[in-house]
Amino acid sequence: MLNGKERYSIVVDDLERRIIVQALSDLKDKQKSEGKEYEFLDNLIIKACDAKLIKGRYRADNEER
């Protein structure tokens with residue numbers, strides 16, 4: 001935990017990361033056009049764009065945890 005908040009990490013490939021960034025950007029545009037809050041989406045977009053590339057082997061989704 002950092003500052004009392006739980007943190008999560010997901011493993012995605014480059015295509016999935018680009019899809020996430022585009023979806024967040026589309027949501028930001030929608031929120032902005034509807035006059036709703038959208039600043040928090042900027043932080044999420046930045047985090048997704050600046051995420052570190054991690055090399056190594058990862059457990060497949062269907063493997064037992």
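Author: The protein has two helices and zero strands; here helices (H or I, at least four residues) and strands (E, at least two) are DSSP runs, numbered from the N terminus. Before going on, a word on the source: this is a predicted model, where local features need pLDDT of at least 70, side-chain atom pairs count only at pLDDT 80 or more, and totals for chains, interfaces and linings use all residues. Residues are numbered from 1 along each chain as its sequence is written, and side-chain values use heavy atoms, with hydrogens and water left out.

Now to your salt bridges. Side chains of opposite charge can pair when their charged atoms come close. The cut-off used here is a side-chain nitrogen of Lys or Arg within 4 Å of a carboxyl oxygen of Asp or Glu. Searching the whole structure turns up four of them.

One joins arginine 17 to aspartate 14, with 3.6 Å from N to O. These two residues sit three apart in helix α1 (residues 14–33), so about one helical turn separates them. How covered are they? Buried would mean under 20% relative accessible area and exposed over 50%, with partly exposed in between (1.4 Å probe, protein chains only). Arginine 17 is partly exposed at 29%, and aspartate 14 is partly exposed too, at 42%.

Another bridge pairs lysine 28 with aspartate 42, where the closest N and O atoms are 2.7 Å apart. This pair links distant parts of the chain: lysine 28 belongs to helix α1 and aspartate 42 to helix α2 (residues 39–49), 14 residues away. Aspartate 42 has a relative accessible area of 25%, which makes it partly exposed. Helix α2 also holds phenylalanine 40, a partly exposed residue at 45%. Phenylalanine 40 and lysine 28 are 12 residues apart along the chain, and their C-alpha atoms are separated by 8.9 Å.

Then there's lysine 36 with glutamate 34, a salt bridge with an N to O distance of 3.2 Å. Both ends are partly exposed: lysine 36 at 44% and glutamate 34 at 40%. Meanwhile, Asp14, Arg17 and Arg18 form one network, joined by salt bridges that share partners.

What about the surroundings? Of the 65 residues in the protein, 9% are buried. Part of the surface is a nonpolar patch formed by Ile10, Val12 and Ile20, with about 250 Å² of accessible area together. (Patch residues have over 30% relative accessible area and no salt bridge; like charges are joined within 9 Å, nonpolar side chains (Val, Leu, Ile, Met, Phe, Trp, Tyr) within 5 Å.) Isoleucine 20 lies in helix α1 and is partly exposed at 33%.

Terms used
Accessible areas come from the Shrake-Rupley method with a 1.4 Å probe; for residues, only the protein chains shown count as cover.
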